[in-house]
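Me: Hi! I have a protein open on my screen and would like to walk through it with you. Could you help me read it?

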Amino acid sequence: MRTLDLALLRNFAVIARTGSISVASAQVGRTQSALSMQMQRLEAVTGRPLLHRSGSGVRLTMAGEKLLAHAQSLLARHDDILADMRGTGLKGSVSLGCPEDYSIAFLPELLRGFCALHPDVELRMVCAPTSELRPLLHRRQIEMALVSLPDPVGAEVIRRENFVWVADAERPGILDQATLPLALSAPMTLDHRAACDAMQAADRRYRVAFASNSLAGLIAIARSGQAISVLTQTAVPPDLYVVTAGLPPLPAIGIALEFAELRPSSTATALGDHIRTALPALRGGGASVLPRASLARSRA
């Protein structure tokens with residue numbers, strides 16, 4: 001009778017998450033050739049091809065997607081059983097996705113508190129916009145994710161955040177330009193849509209002069225004085241200003257927690273409970289270091 005080896009399934013899940021046998025080999029401590037042979041053994045046991053291999057990496061076949069869903073559920077259940085039988089605290093691993101601005105503003109405090117409670121849990125982080133995190137959840141490449149919602153008061157919202165205009169001065173000189181240059185993230189993101197909708201509603205001419213999916217990139221452009229950017233208020237660094245004069249108001253958004261599985265593992269459930277409890281009370285890394293003048297302007 002053929003049986004599935006949990007070690008092979010665990011390594012298969014790492015390959016699926018990283019999209020690269022070479023990267024996965026470094027994470028699991030095996031050579032690329034050994035890991036490739038393991039995947040061949042797993043394909044032989046299942047009787048199906050699991051990976052499409054190319055020069056740029058690997059991706060799952062349809063059979064691989066199906067196996068990944070089973071593997072993650074089985075591995076999570078295995079870790080739960082082992083922890084219960086040993087009478088120990090939570091063990092195993094959990095993967096959390098998070099937009100970059102939230103990771104800077106909130107994750108240090110969130111993870112510090114969770115790791116103090118559960119020191120034996122391994123945390124894996126993926127930083128990406130909500131539009132990229134949801135497909136990862138759907139493919140079960142991550143177990144859970146903090147995501148942004150356009151409705152800031154929905155039942156699933158854990159915390160409300162304000163979008164703000166950010167520049168290098170209280171009243172930057174570029175405000176006087178006939179067509180205002182903006183630095184925004186990808187068009188499908190909430191901050192991009194909020195900025196464009198606000199400018200169009202105010203009948204203010206603008207152009208997307210700079211585009212970056214990196215928070216560091218948007219901050220760098222704002223610091224250069226070449227464009228005005230949009231950030232969540234808690235992500236604003238201390239050397240930049242929240243600008244309200246001469247610009248239309250921006251909406252608020254909600255932060256919610258979504259899971260890949262209807263019945264998450266005990267580790268994912270514990271992390272989710274911790275986030276739901278701690279996140280509403282956090283001030284946020286950006287807001288905690290904003291200059292007093294900027295704080296006053298942001299409330300205006």
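Me: Let's start with R140: what does R140 count as, buried, partly exposed or exposed?
Reply: R140 counts as partly exposed, because its relative accessibility is 25%. Buried means under 20% relative accessible area, exposed means over 50%, and partly exposed is in between, using a 1.4 Å probe and protein chains only.

Me: Before I go on, what kind of model is this?
Reply: This is a predicted model, where local features need pLDDT of at least 70, side-chain atom pairs count only at pLDDT 80 or more, and totals for chains, interfaces and linings use all residues. Residues are numbered from 1 along each chain as its sequence is written, and side-chain values use heavy atoms, with hydrogens and water left out.

Me: Thanks! Where does R140 lie?
Reply: R140 is in the loop between α7 (130–138) and β5 (144–149). Helices (H or I, at least four residues) and strands (E, at least two) are DSSP runs, numbered from the N terminus.

Me: And what is the phi of R140 near?
Reply: Near 60 degrees, which is a positive value in a residue other than glycine. Most residues other than glycine have a negative phi.

Me: What about D203, where is that one?
Reply: D203 sits in the loop between α8 (190–201) and β8 (206–211). Its phi is also positive, near 55 degrees.

Me: Is D203 buried or exposed?
Reply: D203 is exposed, with a relative accessible area of 72%.

Me: Changing topic: how many residues of β3 are buried?
Reply: Six of its six residues, 93–98, so the strand is mostly covered. On one side sit S93, S95 and G97, on the other V94, L96 and C98, and all are buried.

Me: Which strands does β3 pair with?
Reply: One is β4 (residues 122–127), in the parallel sense over six bridges, with G97 opposite V126. Another is β5, also in the parallel sense, over two bridges; there L96 has M144 as its bridge partner. Two strands pair if DSSP finds at least two bridges between them.

Me: Zooming out, how many helices and strands are there?
Reply: The protein has 11 helices and 11 strands. Of its 300 residues, 50% count as buried.

Me: What box do the C-alpha atoms fill?
Reply: Roughly 75 × 45 × 30 Å, taken along the principal axes.

Me: Last one: what share of contacts comes from residues 24 or more positions apart?
Reply: Among contacts with a separation of 6 or more, they account for 75%. Contact here means heavy atoms within 4.5 Å.
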